[in-house]
Amino acid sequence: MADAFKQVDDLHLVRLTKRYGEHAAVDDLTLTIPAGSFFALLGPSGCGKTTTLRMVAGLEVPSEGMIRIGEQDITHLRPFKRPVNTVFQSYALFPHMDIFENVAFGLRRRGEKNVELRVNEMLDLVELGPMARRRPAQLSGGQQQRVAVARALINRPDVLLLDEPLGALDLKLRRQMQIELKRIQTEVGITFVHVTHDQEEAMTMADTIAVMNQGRIEQLGAPQDIYDTPHTAFAANFLGQSNMLPGEVVGRDGIVTVRAFGQVVRLPQEKVSTDADRIIVGVRPEKLHLHREGTEVPAGRNTLDGVVTDASFVGVSTQYLVATSWGQELIAFEQNMGSATRPAVGERVVVSWEPGHSFGLDGGDDLNAGIEEDLREVGHYTASDAQAGLAPTPAVGG
Amino acid sequence: MQIPASSPAIEIAGVPRPAEPAPGLSKRRGTPYWLLIPGMLWLTVFFVVPLVSLFATSLQAPVSDNPDDGFYFAWDFANYPEALSRYGEQFIRSFIFAGSATILALVIAYPLAYFIAFKAGRWKALLLVLVVAPFFASFLIRTYAWQTILADEGFVVNTLNALNLLPEDRILSTPIAVVTGLTYNFLPFMILPLYAALDKIDPRLVEAGADLYAAPFTTFGKVVWPLSLPGVVAGTLLTFIPAAGDYINVRLLGSTNDRMIGSVIDSQFIIVRDYPIASALSFLLMASIMAASQAGPRLASTTIDPSAAPPVRESGLQRALRWIREHTLAVYAGLALVYMFLPVAIVIIFSFNRPAGRQNTSWNEFSLQAWTNICRDPTICRAVGTSVSIALLATIVGTILGTMIAFALVRHRFAGRSTTNLLIFLPMATPEVVLGSSLLALFLNMYWGTWQMPLGFWTILIAHIMFVISFVVVTVKARLSGLDPRLEQAAMDLYADERATFRHVTLPLVAPGIAGAALLAFSLSFDDFIITNFNSGSTVTFPMYIWGAAQRGIPPQVNVIATIMFLGALGIVLLAQVLGARRRRASARADARFRAAAGAAGTSAAGPSALEEIARRPS
């Protein structure tokens, strides 16, 4: 298939809206997905990502707006007239046809030639050649998933839509398939639009991620940019964990100086996505470093004092909870380098980080936005929180 | 023969299962009406109109004291209390008989259905076939077989008399025989919905119950029974409704002292010709069944309290006890099957009998006479021919009309859905005497000048199509709403337009449901007696031949035909099962190397057979 690189056009969604009664599932969405990219729509369930996908597939009719591929308006084309194919959630393989016929389905409908050859080629690509004459029910979940991909890909669509395609697989298989999908995408060069609520999956595979919330896009960008400089609390919380300090801006001079709970922290202007005077300073747990009493803190770093309240060893790293004097619990991940002895629970420590590792959010944002939808990704709220009576939040406790 | 449909009963039980139309499909608003109109028109003209006119008849008053002078419409509501006071006894008896039969059927069917659903393993499909198979041998002839089984001086009666268990020294012509016959005849109505409900219960729930310290009886009472309640409710209603309106079992197995309300309605219409009273009785029967079906579910929703169950004792006899415990269910299920097959065995055995007198009810000597000369009485073969023609035509028309309605109901949103559902359900909840008599009234009123609608082949056909439609709709609807809408969306996504999607995806996936519906329609039509009897004129169908022959003795040729029907149907269903299994095996063998990878799930690749389809209605 490597020679099958085809000239495709960008996918444009223009002011796309889908209303169910009063409720707007997708709200005035404008987006351009570059040809040949691996694009992820990431968000909690009900955020409108699947509705968006189904509108592109032609399975839902938009209430307003337009969908174009290059200059071709496909907004009102029936599904079977679009150069778009879908890998359905739970695959939707035809149970009464064998694998070969499933994969051949699209080619046969379009009356194409060389069906046999192309299907066998495609089955080889997804490593299912020997399975051609089996029925879907006789395959494992991972194999079914690959059949679903093959069945869509063989039609060489301009855009391939993937609707939570890995959701039914176990963790190990999911990792495998992530790599496999990425490989296939690079090989065929087709635009992939991938809908998922799994932030790790999105970050692993996608060139560009759109974080969706309540029918709108919260933030759009490369996975690393969104992770390092989220623009909203929702984006910050949905992609990983953060420590968040609400405070007042007291100085703006290339470096933004913020006073929070009597402490002063600094961060570069370009990391702040708002002009507001009340902002939230966020920092990812792995950016924090713990200094035991009596050790030197390098100059220029932001520092906060605290007491270690919990330390859990998770192999590659140790995760600490550090209580500050105002009652907030900070999360810090320290890599286990095997050198220094680790701080113990109850020990006084200084927490420090590079100012450039912070990000600044609008002070009006809900600190908990995007959390409860995806607790399992945030992960670390265990007995210690329950004992402390804290809400499951990585940020302010009081 | 009738096979139950659980879903409509569930709907009146207040647990509706609306089938949501698939989004993204069927945007053309006109479509559902084209699908609906032919079938609904049929039901309106041949079910609703007769029912309305029956109601009007129930308010008529006699012109004079002589009923032959006719009646006129008079808002005469007094017919109702009059009917009730005259035939209250038969009403009460009908409900007692039907109620007893329903409870007995539940007691017999539940363990059997439980065994099939949880313990039968790879024999599941075969057992389901066996449950349904007896009902391909004619309803009437099997009921006659009970005359032989329960005959005075027969094995059963002699045994029970030896044990001094019979108050009247006999069974035949007592209420015991009637209830036995009713239980037997409507047993599949109980088994299939129960099986459908039990089969849906995840066996891991039972294991979870055991894991959470529940003794087997407690697990049953707290987990299995509550989850199977929809099936219990559906089965109860589907057994009770036809049993309450039945008069055949009473006529064949009971005495004139045991007359049920169905017998009264029948004779009021056909012999006494007091149409207003007969119509009022019909409506009272329907009304009381409706009332019972509202109350029934509430009674059924009381859960079994297992706390009274004795704990399992540990003792020296532990091993023996465990053996019994582990095999009780299987033995019970086996006995239930014996009960179901006993009359069929009698029918088959007596097809080889050379009767001593005219009645073929006691064994005389072995003979192949009946088998070698089936058409000795040409009227038998003519009757069979008539029945087959009617059943084939009714199946074709009924299946087409019913399938169209099912598609409209599942795939489209439209004004009047609930009315449509009600209209589909009502014919199934209406006792056959009411269906038959109201249609007769309609046909009698169809005249133009000197032309009068002749009763015969065509009126029977019209009636049969009318009552099979509902069963077809329910069967196909179940299959259709179980269909993942994403499969059709996937087809559309893969360049199949509506037609191609229907041809390559929808139709093949729904086909087993349609085949099951057709099989059901054929057997319903072939075996119908009550409705046919009202509308046949001088045409004789096979069940009517049997009925008529009963007076002068049923020739063994009838047994031969029943046996052929039974073996034929059994053969077809078994063949389908074997072919399905072979296809599965063949495709598995093609790459046995990967069999292990396919996982231990072992789900069958081929769609369920038509038979499973009938059983597997949603509940």
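Student: In which sense do strand 3 and strand 9 of chain A pair, and over how many bridges?

Tutor: Two strands count as paired if DSSP finds at least two bridges between them. Strands (E, at least two residues) and helices (H or I, at least four) are DSSP runs, numbered from the N terminus. Here strand 3 (residues 38-42) and strand 9 (residues 208-213) of chain A pair in the parallel sense over 4 bridges. L42(A) stands opposite V211(A) in strand 9 of chain A. This is a predicted model, in which local features need pLDDT of at least 70 and side-chain atom pairs count only at pLDDT 80 or more, while totals for chains, interfaces and linings use all residues. Residues are numbered from 1 along each chain as its sequence is written, chains are lettered from A and ligands numbered from 1 in the order in which they are written, and side-chain values use heavy atoms, with hydrogens and water left out.

Student: What is the strand order of the open sheet of 6 strands in chain A?

Tutor: In a regular strand the side chains alternate between the two faces of the sheet. The order in this sheet is 6-7-8-3-9-10 (chain A), and the pairing is mixed. Strand 6 (84-87) and strand 10 (216-221) of chain A are the edge strands, each pairing on one side only. From one strand to the next the twist averages 20°.

Student: Which strands does helix 4 of chain A lie across?

Tutor: Contact means heavy atoms within 4.5 Å. Axes are lines fitted to C-alpha atoms, for helices over the stretch in contact, and angles run from 0 to 180 degrees between N-to-C directions. Helix 4 (residues 141-153) of chain A lies across strand 6, strand 7 (159-163) and strand 8 (191-196) of chain A, and runs at about 175° to strand 6 of chain A.

Student: How many residues of strand 14 of chain A are buried?

Tutor: Buried means under 20% relative accessible area, exposed over 50%, and partly exposed in between (1.4 Å probe, protein chains only). In strand 14 (residues 278-283) of chain A, 5 of the 6 residues are buried. Strand 11 (residues 243-253) of chain A runs antiparallel to strand 14 of chain A, joined by 6 bridges, with R278(A) as the bridge partner of E248(A). Strand 14 of chain A also pairs with strand 20 (residues 358-362) of chain A in the antiparallel sense over 5 bridges.

Student: Is helix 22 of chain B enclosed or open, and why?

Tutor: Helix 22 (residues 542-552) of chain B has 8 of its 11 residues buried, so the rest of the structure largely encloses it. Among the buried residues are F542(B), Y545(B) and W547(B). Just after this helix of chain B, G553(B) takes a positive phi of about 105°.

Student: At what angle do helix 15 and helix 20 of chain B pack?

Tutor: Helix 15 (residues 378-411) and helix 20 (residues 498-527) of chain B pack at about 140°, their axes 8 Å apart. That makes helix 15 of chain B oblique to helix 20 of chain B; angles under 35 degrees count as roughly parallel, over 145 as roughly antiparallel, 65 to 115 as roughly perpendicular and the rest as oblique.
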